[in-house]
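Thanks for asking me to look this over with you. Have the structure open beside this note as you read.

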Amino acid sequence: VTAVQSLQDTLAAEHAAVYVLGVLGGRVATLPSPTLRNAIGTAYDVHLARRDRLEAMITAARATPVPAAPAYALTRPLVTAAQLAAAALRVERACLTAYGALVAASTGPTRRWAVDALVGAAVAELGFGGSAEALPGMDTAATSAR
Amino acid sequence: MSAAGLTMTVASVGLVAGCDLDPSSSSTPRTVTTPGPDASVVTAARAELSGLIARLSASTGTTALVACHRAQLAALGGRPPPTTRRSRPLSRAATVTRERRAVARFRHWAATCTDGDLARVLASVAAGIAMQPVMQGTS
């Protein structure tokens, strides 16, 4: 996998993350769960920034960033705080795997940024009920939120 | 990535000594004399984890953290250090300081090593340490 292809794969994961977290943000607004609301809001901002950064890196590499899909399938139901947190956790895990692949495929500043993103995504999992792992992001098959 | 894949990753950087499986070709063990460009990184990474395991093993309430570092060390093809009673236990604050330092080092090694697959393992180790309860103030 080339660095540009891995950047595209990661961008696709971030497109899905932004979409799903946007939906989750709307749902959580109706729940009395301020901690989860803040966590989802923070995650949305982080993934939005990473998506924009990835698009810029791909453009700088003289490639055309993959577009977002019109919509992404969501797990159902998404009603309770636990269900929303589980969906957010799936988003973080998918991105974590994508960043692991990007670390392997890239070099220089791109890899350094990917390493930071991987660590950030791993820690973000904890805010959505994820458990600490010894080696997060080592999955070879990404679980898409699409 | 499977355990075999991880071993392949570490082997690819030239630290795993090759064994000549053909008895007719030579009679003496062969050793690696030209380590790969990341050999020093793998050696330092193993030493970092071994040092943490040794110090944490002398402390209380660190069983999960030690297990985490053992798994990480195994992923890098290292062997856990022998248990010693001479290691001084670490305070909680000292543990956090050392773990933070390890995260920074693994991030740096991941960003600067030559082999991409090794970089992924090193980045994963950094993330794995950052996730631990002691780093989140929840232990």
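Here are my comments as numbered points.

1. Please keep in mind that this is a predicted model, in which local features need pLDDT of at least 70, side-chain atom pairs count only at pLDDT 80 or more, and totals for chains, interfaces and linings use all residues. Residues are numbered from 1 along each chain as its sequence is written, chains are lettered from A and ligands numbered from 1 in the order in which they are written, and side-chain values use heavy atoms, with hydrogens and water left out.

2. Start with two helices of chain A, α1 (residues 3–28) and α3 (residues 81–105), whose axes come within 9 Å and cross at roughly 165°. Helices here are DSSP runs (H or I, at least four residues), numbered from the N terminus. The axes are lines fitted to C-alpha atoms over the stretch in contact, with angles from 0 to 180 degrees between N-to-C directions. This angle makes α1(A) roughly antiparallel to α3(A) (the term covers angles over 145 degrees). Contact (heavy atoms within 4.5 Å) involves residues including A:Leu7 and A:Leu24 of α1(A) and A:Val91 and A:Tyr99 of α3(A). By class, this contact has 18 nonpolar, two polar and two charged residues. Ala, Val, Leu, Ile, Met, Phe, Trp, Tyr, Cys and Pro count as nonpolar, Asp, Glu, Lys and Arg as charged, and the others, Gly among them, as polar.

3. Next, look at α2 (residues 34–60) and α4 (residues 108–126) of chain A, with axes that come within 13 Å and cross at roughly 160°. Therefore α2(A) is roughly antiparallel to α4(A). Here A:Arg50, A:Arg53, A:Leu54 and A:Met57 in α2(A) meet A:Thr110, A:Trp113, A:Ala117, A:Gly120 and A:Ala121 in α4(A). Five of these residues are nonpolar, two polar and two charged.

4. How many residues of chain A are in contact with chain B? There are 25, and they touch 30 residues of chain B. The buried area is about 2,100 Å², of which carbon and sulfur atoms give 65%; this is the accessible area (1.4 Å probe) that two parts lose on being put together, summed over both. In chain A, A:Arg111, A:Leu135 and A:Met138 lose the most area to chain B, together 28% of what that side buries.

5. Finally, the whole structure has four salt bridges over all chains (a side-chain nitrogen of Lys or Arg within 4 Å of a carboxyl oxygen of Asp or Glu). One salt bridge lies across the interface of chains A and B: B:Arg107 with A:Asp116, the closest N and O atoms being 3.0 Å apart. Within chain A, A:Arg93 pairs with A:Glu125 at 3.8 Å between the closest N and O atoms. That pair links α3 to α4 of chain A, 32 residues apart.

Terms used
Parallel < 35°, antiparallel > 145°, perpendicular 65-115°, else oblique.
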